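Welcome, and thanks for taking a look at this one with me. Have the sequence and the 3D view open side by side as you read.

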Amino acid sequence: TVRSGIYQVRLDAAGFATVDLTDLGDGNPVMRGIRAMKAGQDAAAREALTEGGHTLVRRGVDALPVACTDVSAALADLTSLAGVPLVDASTCLARASIAKLGKHSW
């Protein structure tokens, strides 16, 4: 997701700066968490993703976009982390889809 720039391009265009953990390479806790979730290691995934969120908060983020279904699943019960709101892209997409569908007469 980071390499594709799908969120960064749009956020930058809207005047928002983006922060990621790609500089951590193999030590990136977000990627570690995603791999753990895919392996069915939910507790390890949650721990790594929480660590990643705290690292991003220390780097100064004002919101934590959740742009991966594995992250959404691992942190499903959270709305914030370290006082910073989580913004789930899947939830936003679902809400926008419902709103758009509501404008159509079938």
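1. First, some ground rules. This is a predicted model, in which local features need pLDDT of at least 70 and side-chain atom pairs count only at pLDDT 80 or more, while totals for chains, interfaces and linings use all residues. Residues are numbered from 1 along each chain as its sequence is written, and side-chain values use heavy atoms, with hydrogens and water left out.

2. Let's begin with the overall layout. The protein chain has five helices and three strands, and from the N terminus on they follow the order α-α-α-β-α-β-β-α. Here helices (H or I, at least four residues) and strands (E, at least two) are DSSP runs, numbered from the N terminus. Along the principal axes, the C-alpha atoms fill a box of roughly 50 × 35 × 25 Å.

3. Next comes the surface. The protein chain exposes about 7,200 Å², with carbon and sulfur atoms supplying 58% of that area; accessible areas come from the Shrake-Rupley method with a 1.4 Å probe, and for residues only the protein chains shown count as cover. Of the 106 residues, 26% are buried, meaning under 20% relative accessible area, whereas exposed means over 50% and partly exposed lies in between (1.4 Å probe, protein chains only).

4. Now for contacts along the chain. Among those between residues at least 6 apart in sequence, 40% join residues at least 24 apart. A contact here means heavy atoms within 4.5 Å.

5. Which residues touch the most other members of the largest nonpolar core? They are Leu64, Val71 and Ala74, in a core of 16 residues. At least two residues of this core come from each of α2 (29-38), α3 (42-58), β1 (64-66), α4 (69-74) and β3 (84-88). By definition, a nonpolar core is a set of buried Ala, Val, Leu, Ile, Met, Phe, Trp, Tyr and Cys residues joined through side-chain atoms within 4.5 Å. If you zoom in on Ala74, you will find that it touches Met37, Ala45, Arg46 and Leu49, not counting residues up to four places away in sequence.

6. Strands of a sheet pair through backbone hydrogen bonds, either parallel or antiparallel.

7. Both kinds of pairing can be followed here. β1 and β3 pair in the parallel sense over three bridges, and Pro65 has Val87 in β3 as its bridge partner. β2 and β3 run antiparallel and are joined by two bridges: Ser80 stands opposite Pro85, and Leu81 is partnered with Val84.

8. What lies between the strands of the β2 and β3 hairpin? Two residues do, and Ala82 in this turn has a positive phi of about 55°. Most residues other than glycine have a negative phi. Ala82 is not a glycine, and it counts as partly exposed because its relative accessibility is 43%.

9. Finally, please visit helix α5 (residues 89-102), where Leu101 lies. Leu101 counts as partly exposed because its relative accessibility is 45%. Its C-alpha atom is separated by 25 Å from that of Ala76, a residue 25 places away along the chain.

Methods:
Two strands pair if DSSP finds at least two bridges between them.
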